[in-house]
Amino acid sequence: MNIHSFLADGDQQLSKCKIVSNITYKTHAQRKNDGGKSILGDRYLRSCALSSAQQGDYTEAIALLSQLISRHPHNAIDYNNRGLIYFQSGKRQKALSDYNTALKLNPYLASAYNNRANYYAACGELAAALADYDQAIDFNPRHVRAWINRGITWRDLGQYEEAIENFEVAQLFGQLEGHIWAERGRTYHLWGDWNCAIADYRRALTQLPFLNNSKDITGYRLRLQLENWLNELLSQSAS
């Protein structure tokens, strides 16, 4: 399988909440107010979970999301988010279990299909991955991550034309442009169209972050990968 980064999808409510830095709230230390509710609201717990995950403290992030799930056992979004963090921390089976639970609770949650597809793709189950990316796009045709990830999966199957088509559709939405240029360039690279590959790699480098930015770790890692791909291609062109 080609080396690449699938784009995971957290809940919009989680990804847009205010980031809390330098403060860690342990679940066992949380007090109850007179009404029996935690002093920390659900949105605040999600923001703490996001902050912990971005800082690499997956144990704390999972604990916070587990508390949310205990409060709201039928909230598919919290299961999807916890599954995402399980996946990022290498606990793939727990991630799959949470994705499956999320989809039982909400069979129309496009982000959970995208995340579960990433699990299947990482395990080499590409047909299952494609089926879930298809579902994500069916429920949300503007789901850019699913379009990109499906393109990557088609590329892994050697279906380069299908891959290019997916990346070109993804471009229509004006999001994640650096990722799209990089993955389309990699597809042209493997397909043997080196001129198009170099052009796309250079476009991507203008969009991807230079430093290890906690807000876009995936983009930074892709940049490092992209620089290796470009150097490889330029060295082959010069020989």
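This is a dialogue about how to read several features of one predicted model.

Colleague: How many helices and strands does the protein have?

Modeller: Helices (H or I, at least four residues) and strands (E, at least two) are DSSP runs, numbered from the N terminus. In this protein they come to twelve helices and zero strands.

Colleague: How is the packing of two helices described?

Modeller: Two packed helices are described by the angle between their axes and by the distance between those axes. Here the axes of helix H3 (residues 58-71) and helix H4 (residues 76-88) come within 9 Å and cross at roughly 160°, the axes being lines fitted to C-alpha atoms over the stretch in contact, with angles from 0 to 180 degrees between N-to-C directions. H3 and H4 are therefore roughly antiparallel to each other, a word kept for angles over 145 degrees.

Colleague: Which residues of H3 and H4 meet?

Modeller: Contact means heavy atoms within 4.5 Å, and the residues in H3 that meet H4 include Tyr58, Leu65 and Ile69, while those on the H4 side include Asp78, Tyr79 and Arg82. Isoleucine 69 touches Asp78, Tyr79 and Arg82, not counting residues up to four places away in sequence; isoleucine 69 and arginine 82 are 13 residues apart in sequence and 9.1 Å apart in space, C-alpha to C-alpha.

Colleague: Is isoleucine 69 buried or exposed?

Modeller: Buried means under 20% relative accessible area, exposed over 50%, and partly exposed in between (1.4 Å probe, protein chains only). Isoleucine 69 has a relative accessible area of 8%, so it is buried, and arginine 155 in helix H8 (residues 144-156) also counts as buried because its relative accessibility is 1%.

Colleague: Which residue does the side chain of arginine 155 join in a polar contact?

Modeller: The partner is the side chain of threonine 187, at 3.4 Å; a polar contact is a pair of N or O atoms within 3.5 Å, and within protein one must be able to donate a hydrogen and the other to accept it, while residues adjacent in sequence count only if both atoms are side-chain atoms.

Colleague: What is the phi of leucine 176?

Modeller: Most residues other than glycine have a negative phi. Leucine 176 has a positive phi of about 50° although it is not a glycine, and it lies in the loop between helix H9 (160-171) and helix H10 (177-191).

Terms used: Residues are numbered from 1 along each chain as its sequence is written. This is a predicted model: local features need pLDDT of at least 70, side-chain atom pairs count only at pLDDT 80 or more; totals for chains, interfaces and linings use all residues. Side-chain values use heavy atoms; hydrogens and water are left out. Angles under 35 degrees count as roughly parallel, over 145 as roughly antiparallel, 65 to 115 as roughly perpendicular and the rest as oblique.
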